[in-house]
Amino acid sequence: MSSVLERAARGPDFATLRLAGKDVLSLALIETRNRTLRWISALEAAPDDAASLSLLWTLGHIAWFQERWTARNVQRGRGDRADPAAPRLASLVPGVDDAFDPDAIDPRRREVHAATVFADLSAARGYAVETLELALDLLDATPDFEGDAAADDALYCFRLALFHEAMHAERFAEHAQAIGVDTGLVARPAALAPRPPIALPATRWLLGIQPPGFAFDDQQPAHVVAVPEFEIDAQAVNWAQYAEFVEDGGYDDAQHWSEAGRDWLAREGRRVPRFVEQLRHGVVQRRFGRETRLPLQAAVVHVTCHEAEAWCRWAGRRLPSEVEWEAAAHQGAGRGFRQGEVREWTASTWRAWPGHVAGPWRDPSAPAFGQARALRGASVATAQALRGLRLRGAAELDRDGGFSGFRSCAA
């Protein structure tokens, strides 16, 4: 295990931080901001002026989000009942709402908007330091509550700012992969010793998160789902398994692909997963700009949902549903279930759960409901703060820039 991954493994995960008190939360906010600044510094050195401008907006946005939901939020004490449209206090820096609110600007002109507020990354770093210090002071002044509900309300916005910033760690990694910059901040893929599939009996599974503690609105309300018996892979499909599909002409046989998948193939002309340079005699994938020979027993990564489904049809298997994945991750933990190398495609459309109530921050979930596919698990690029078996993710079916793979179930 690399030193980067070892450090991440020692930090608190989502299950801990969603219930964390002031002291643990303060340390996590500091470490997360330090990680953000490490990513900014590493990517700043990239020989790409456009990438540098994008970093200016991203850093400003992260700091703006923290200030907006903590220091400027007059309804901070209401927790997840806060009105997102309520007036805010003035910012430390004039003009940030017009530059860094993604709902208020043209995403194609983010760099232009950012440059109207900050002359360079040094100025944005100063704003990031100030907003963190202000958030920490406010957190320190927050009373210690004995009741769970009162504590959750008081700490909700601080936890929200923490998890929002943690999300950007994976986005930084995806950006580094896309532009070919090796920052050394992401662990190398590991070879996984083969493990047999896990058979699980029929069950009634409580899907989602119940109070107390923080939860994203897409994780609520918790509800019971009947799950028939099923068999699931103990770990993600690896390169050796996927190479058999490719060698058998899997990309050329239309019967393995959905109509949308065939359209994607015709559009992209793909015959191997993205970034792969060689697959016939071992796996060579361009990883952060370097041709890297990967272990055949490492999890397949940078595949679309179309590719995952095509492999499953070829193998006579299927993708798991969200509830199957979550139930297996918990019930199969002592039987060899392993995750954490790649985010994993599921068969479930990204939807709100029955009784869903939108939270104050609606960007990460509601716009994609019914339009994307659900992902589960974490990848080597996921921040430790966002590693949790009940966390949900989503992506469009043809997205291959993320650190995504898949596992399969018996059909």
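A: A residue counts as buried when its relative accessible area is under 20%, as exposed when that value is over 50%, and as partly exposed in between. In this predicted model, Trp311 has a relative accessible area of 5% and is therefore buried, whereas Trp314, with a relative accessible area of 22%, is partly exposed. Both residues belong to helix 11 (residues 305-315), where they lie three residues apart, about one turn of the helix.

The structure holds 25 aromatic pairs. One of them joins Phe65 and Trp69, whose ring centres are 6.1 Å apart and whose planes meet at 45°, so this pair is tilted. Phe65 and Trp69 are four residues apart in helix 4 (residues 49-69), which means that about one helical turn separates them, and both of these residues are buried. The pair formed by Trp311 and Trp314 is likewise tilted, because its planes stand at 55°, with the ring centres 6.1 Å apart.

Trp311 and Trp314 also take part in a cluster linked by ring pairs, together with Tyr242, Phe245, Tyr251, Trp257, Trp264 and Phe406.

Arg88 lies over the face of Trp69, at 4.8 Å from the ring centre, and the charged end of Arg407 is placed over the ring of Phe337, 4.0 Å from its centre.

Conventions: Residues are numbered from 1 along each chain as its sequence is written. This is a predicted model: local features need pLDDT of at least 70, side-chain atom pairs count only at pLDDT 80 or more; totals for chains, interfaces and linings use all residues. Side-chain values use heavy atoms; hydrogens and water are left out. Rings of Phe, Tyr and Trp (its six-membered ring) pair if their centres lie within 6.5 Å; planes under 30 degrees apart count as stacked, over 60 as edge-to-face and the rest as tilted. Helices (H or I, at least four residues) and strands (E, at least two) are DSSP runs, numbered from the N terminus. Buried means under 20% relative accessible area, exposed over 50%, partly exposed in between (1.4 Å probe, protein chains only). A charge sits over a ring if NZ of Lys or CZ of Arg is within 6 Å of the ring centre and within 35 degrees of the ring normal.
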